Amino acid sequence: AAIDRAAGLALEGKVDAIVTAPIDKAALRAAGYDVPGHTELLAELSGGRPVSMMMVAESTPLGGSLRVVLATTHIALADVPAALSIATIRQQARLTNDGLRRGWGLEQPRLALCAVNPHASDGGLFGDEEARILEPARDALLAEGIAVDGPIPADTVFVRALRGEFDAVIAPYHDVGMAAFKTASFGQGVNLTLGLPFVRTSPDHGTALD
C-alpha cells in the first residue's frame, strides 16, 4: 500500500522522487501482487513503460565509481537465455544512455556489454549468446550513435569500469551484475530505476530478515 501511495503521489506531481525500503519478494507475492519486485511493480503502476534497474555507487573502496544495469532482473537463471534478445539489450542500453545523459550530464556515456558466457564464449566454444545477441545489439547501438563496447568477459569488465573506462556496465542477468556490484560497494550504493517519470531509489541491500 505504501508503494502504491508513493507512486501515486509522484505520478500526481506532488513529490519529485521516492525512496523505497527493501521488500520481501515472497511477502509481496503472498499479499496478492503478481510481480517479482519493486522495479516491475513501479513500471506497472507507471503505465507499463520500459524500465532499467541500475545499481549505482559513485564511490567505492576500490576507488572508482560503479554503475551496473541488469538487462534481465528477477527471473530464474534457467530462464535467462530465452529472456535475452537483441531488442532487450538495445532497449536497456538506450535507457541507460538516456539516464546517464539526463541524470549525470554525460554528453556521451560510455557503455560496456558484459558477456553471458565464460571468456565471452571464446569464439563460440562456450555458447552463442555473444555472437547471436550481444554483438548484433552492439553494432545496432553504435549505428544509433550510442558509445558501447563488448561483449566483454564478466571477469574483467567490472574491473575496467572501476578504473574509469566505462560509465556503466550492462549485465545480462541479475547475479553476474549484483555479485560484482555488492562485492565492490556493499552498503554504499543505491538501486535506481531508469525510465520512470519520477526518480526512484532504494538501498542496495535486501530485507535481511535474519
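Tutor: Let us begin with burial: a residue is buried under 20% relative accessible area, exposed over 50%, and partly exposed in between, using a 1.4 Å probe and protein chains only. The model is a predicted one, in which local features need pLDDT of at least 70 and side-chain atom pairs count only at pLDDT 80 or more, while totals for chains, interfaces and linings use all residues. Residues are numbered from 1 along each chain as its sequence is written, and side-chain values use heavy atoms, with hydrogens and water left out.

Student: Why is Arg-67 called buried?

Tutor: The relative accessibility of Arg-67 is 9%, which is under 20%, so Arg-67 counts as buried.

Student: What makes the pairing of Arg-67 with Glu-58 a salt bridge?

Tutor: A salt bridge requires a side-chain nitrogen of Lys or Arg within 4 Å of a carboxyl oxygen of Asp or Glu. The N to O distance between the side chains of Arg-67 and Glu-58 is 2.9 Å, so the pair qualifies. Glu-58 itself counts as partly exposed because its relative accessibility is 42%. The structure holds 12 salt bridges.

Student: Why does the pair Arg-132 and Glu-129 count as a salt bridge?

Tutor: Their closest N and O atoms are 3.9 Å apart, which is within 4 Å, so the pair meets the criterion. Both residues lie in helix α6, 3 residues apart, about one turn of the helix. Helices here are DSSP runs of H or I with at least four residues, strands are runs of E with at least two, and both are numbered from the N terminus. Glu-129 is buried, because its relative accessible area is 10%, whereas Arg-132, at 42%, counts as partly exposed.

Student: Why is α1 described as oblique to α3?

Tutor: Helix α1 (residues 2-11) and α3 pack at an angle of about 45 degrees, with their axes 10 Å apart. Angles under 35 degrees count as roughly parallel, over 145 as roughly antiparallel, 65 to 115 as roughly perpendicular and the rest as oblique, so α1 is oblique to α3.

Student: Which residues of α1 and α3 meet?

Tutor: Ile-3, Asp-4, Ala-7 and Leu-11 in α1 meet His-38, Leu-41, Leu-42 and Leu-45 in α3, contact meaning heavy atoms within 4.5 Å.

Student: How do you know whether Asn-191 is buried or exposed?

Tutor: Asn-191 has a relative accessibility of 8%, under the limit of 20%, and so counts as buried. Asn-191 is placed in strand β7 (residues 190-194). Leaving aside neighbours within four places in sequence, Asn-191 is in contact with several residues, among them Thr-39, Met-54 and Ser-202.

Student: What makes Pro-50 partly exposed?

Tutor: The relative accessible area of Pro-50 is 42%, between 20% and 50%, so Pro-50 is partly exposed. Pro-50 lies in the loop between α3 (38-45) and β2 (52-57).

Methods. Axes fitted to C-alpha atoms, helices over the stretch in contact; angles between N-to-C directions.
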